[in-house]
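Visitor: I would like to learn how to read a few features in a model. Please take them one at a time.

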Amino acid sequence: MSELTYDSLMDDGNYLGSERARMENKVILDELERKKKARNLAVPTDDNKVKARLREIGEPITLFGERAADRRDRLIYVLSQINAARGDDHPIEEASSEESEEEGEEFYTEGSLELLQARRNLAEFSLPRAQKRVAQQRIDSKIPLGRIIDIRKKVFAGVKRFSNIGSQIGDERPISQVRFAPNNKILATGSWSGTVKLWNVPACTTIRTLRGHGDRVGGVAWHPQATLTQEEGLVNLVSGAGDMCVNLWSLNSDAPLSVMKGHADRICRVAFHPSGHFVASASFDTTWRLWDVNSSKELLLQEGHSKEVYAVEFQGDGALIASGGLDAIGRVWDLRTGRTAMVLDGHVQGIFGIDFSPNGYQIATGAGDDTIRIWDMRSLKALYTIPAHVSNVSDVRFFRADALPSFKPKAESADVFMNEITEGTDADKSHDTEDDVQEWKYRSGLYLASSGYDGYVKLWSADDWQLLRTLTTDSGKVMSVDLTSDAELLASGTYNRNFQLFAPEDIPV
């Protein structure tokens, strides 16, 4: 299969490629347009007048079993059909109220040429990633049920063995967020003291303290290739704070490489786009903003929340971004067009944590109503509500098996190397490795972690949403949680200035 690109998508002959498909599409669009115009028709509400109007246009005044409301709907339908047949752009009778027109008025803000180019780049980046994700999901759908059950049992058995391996005082004030580096060997912590610290894990020794904020740090996020292929002197980390600044950091300097200003109030969470070229920040000024990393310029100021925006996160493909606000509403935005793709309306308190599942179409939100809601973008509704904690849910994170670990060969007995049975051992090893790779790819997104102000970190299955493990911390409030991509460590940041590390009991650290 050839790689899907922006240009090949535009020239794809399979979409509306036949005359029949074009005609069917035209019929659908015409019907949508007719319904839109029908909503603007002014028809009487009095049933006697409705009957008189139907008689006037030669329609039966009533049908068997028809109620007054149904009769009025039928009148609207008939009038809209007459308009469509005449080709009128304006309905027969229109509401002349200027107030109603003002209520429905939309406004747009003109974007810059840089934003236009960024939207195109985002589309070009996300399309092949989405294509690969869907291809992998098709492969996963063909895994036998028995194999899936075995994988689930093995993965969840490992999750249930997580236990506390240590706690470290991280700062002088509460730890607002913790995030593991892509290589899983460094932990970044943001603190209310205004500092960002980098720690070796699991040794919990300080690597560097980054000072550049004048107020509490609300969020930290790693560049997708930081500690992997990204050079230490380039942008590897981003942080946002109460001083209304978004800082970009390298790994070999204590001072920020760049300070991006524009927000009018404190910044909470920040996120790095999967491409590494863009950064998003959520703020108490009721907006989230998109920044260009290379130029350190603001590309987009996005409104849409009625209260403070607390959480923001990118989808793995890079096409979508989700924001959660203290208005208890979440929104999913299409970065390629700027439109709202979905409204996450269901929580009754502010949203503090939000994350996309690696499958690309499910979203988890944690809120002040003590619940986690799972949303499905395919059906545009909440899929499940988890009564997760007995206080605020501060953070939610899906497990992402981004890195493919090196699989160790199974232990072999001495007689394996005897001449009479050496044949086929290479094939057996290859088969075992293939099974391990298949299991690892299927593991991604199979469970998620949550943290709450009840002092607990909890691990949940991400298919039936059942509790797998409850981990206690040494604090009454857990502010943040994160998982390594090799499934070997979990970290939590707490209000009492500490961060804790957890690992499965059988894994040496």
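Visitor: Is Y495 buried, partly exposed or exposed?

Guide: Buried means under 20% relative accessible area, exposed means over 50%, and partly exposed lies in between (1.4 Å probe, protein chains only). Y495 has 38% relative accessibility, so Y495 counts as partly exposed. Some ground rules. This is a predicted model, where local features need pLDDT of at least 70, side-chain atom pairs count only at pLDDT 80 or more, and totals for chains, interfaces and linings use all residues. Residues are numbered from 1 along each chain as its sequence is written, and side-chain values use heavy atoms, with hydrogens and water left out.

Visitor: How many aromatic pairs does the structure hold?

Guide: A pair of aromatic rings is described by the distance of the centres and the angle of the planes. Rings of Phe, Tyr and Trp (its six-membered ring) pair if their centres lie within 6.5 Å; planes under 30 degrees apart count as stacked, over 60 as edge-to-face and the rest as tilted. The structure holds 6 such pairs. W192 and Y495 form an edge-to-face one, with 5.7 Å centre to centre and 90° between the planes.

Visitor: Where do W192 and Y495 sit in the chain?

Guide: Elements first: helices (H or I, at least four residues) and strands (E, at least two) are DSSP runs, numbered from the N terminus. W192 is in the loop between strand 3 (186–191) and strand 4 (195–200). Y495 is in the loop between strand 27 (490–494) and strand 28 (498–504). The pair links distant parts of the chain, 303 residues apart. W192 is buried, at a relative accessible area of 17%.

Visitor: Which residue lies over the face of Y495?

Guide: A charge sits over a ring if NZ of Lys or CZ of Arg is within 6 Å of the ring centre and within 35 degrees of the ring normal. K477 does this for Y495, at 4.8 Å from the ring centre. Likewise, R378 lies over the face of Y361, at 3.8 Å from the ring centre.

Visitor: What kind of aromatic pair do F399 and W440 form?

Guide: Theirs is edge-to-face, with 6.1 Å between centres and 85° between the planes. F399 lies in the loop between strand 22 (393–398) and helix 8 (425–443), and W440 lies in helix 8, so the pair ties together parts that are 41 residues apart in sequence. F399 is buried, at 0% relative accessible area. W440 is buried too, at 7%. F399, W440 and Y447 form one aromatic cluster.

Visitor: In which sense do strand 20 and strand 21 pair?

Guide: Two strands pair if DSSP finds at least two bridges between them. Strand 20 (residues 372–376) and strand 21 (residues 381–386) pair in the antiparallel sense over 5 bridges. I374 has Y384 in strand 21 as its bridge partner. The hairpin has 4 residues between the strands, and L380 takes a positive phi near 55°.

Visitor: With which residues is G346 in contact, leaving aside neighbours within four places in sequence?

Guide: Contact means heavy atoms within 4.5 Å. G346 is in contact with R373 and W375.
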